[in-house]
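Hi everyone, thanks for coming. Today I'd like to walk you through some charged side chains and who pairs with whom. Let's look at the structure together.

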Amino acid sequence: MLTTDQKGAAAELAIAHSAAALRVGVFKPLTDGERYDLIFNLHPRLVRVQCKWARAVGDVLIIRCRSCRRTRGGMLHRRYTPAEIDAIAAYSPDLRKCFYVPIETVAGRADLQLRLTPTRNNQRVGINWADDFDFEARLVPLLGP
């Protein structure tokens, strides 16, 4: 079983590989301490990207939209804001796919669920469909000339 750090590293590598395959420039900050893991060059725009491991649970993909670290007072959970990152990129080892979620979709949320299959009651309103956040479908239109 992978540790949290190993999952994060694997997700980051998978996301960088998928982005590079789409001709997205991928850069890594030289120092720690920022809330983003990678920078994508979408020509002409640079985007700060936080990388996440996404797990499939039943018919949904769960992406944690927060960081968690141990402090003297216990676990500290912090959600991401538009001032810190521009997007979350998530890698699902179950699907072997990456997803790109703009910060506007997740700002203030602790978790995001992406629906993989239709709901049993046919609900459509308020559903975040995984296909709508597919890496290629989201990134290719953002790439400049």
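Let's start with Arg35, which counts as buried at 13% relative accessibility; buried means under 20% relative accessible area, exposed over 50%, and partly exposed in between, with a 1.4 Å probe and protein chains only. Before we go on, this is a predicted model, where local features need pLDDT of at least 70 and side-chain atom pairs count only at pLDDT 80 or more, while totals for chains, interfaces and linings use all residues. Residues are numbered from 1 along each chain as its sequence is written, and side-chain values use heavy atoms, leaving out hydrogens and water.

So which side chain does Arg35 meet in a salt bridge? The partner is Glu84, at 3.3 Å from N to O. By salt bridge I mean a side-chain nitrogen of Lys or Arg within 4 Å of a carboxyl oxygen of Asp or Glu. Glu84 is buried too, with a relative accessible area of 17%.

Next, Lys28 and Glu12: their side chains form a salt bridge of 2.8 Å, N to O. Lys28 sits in the loop between β1 (25-27) and β2 (38-41), and Glu12 in helix α1, 16 residues apart. Helices (H or I, at least four residues) and strands (E, at least two) are DSSP runs, numbered from the N terminus. Glu12 counts as buried, at 17% relative accessibility.

My last pair is Asp134 and Lys97, with their closest N and O atoms 3.3 Å apart. Here Asp134 is buried at 18%, whereas Lys97 is partly exposed at 31%.

How many salt bridges does a search of the whole structure find? Seven!
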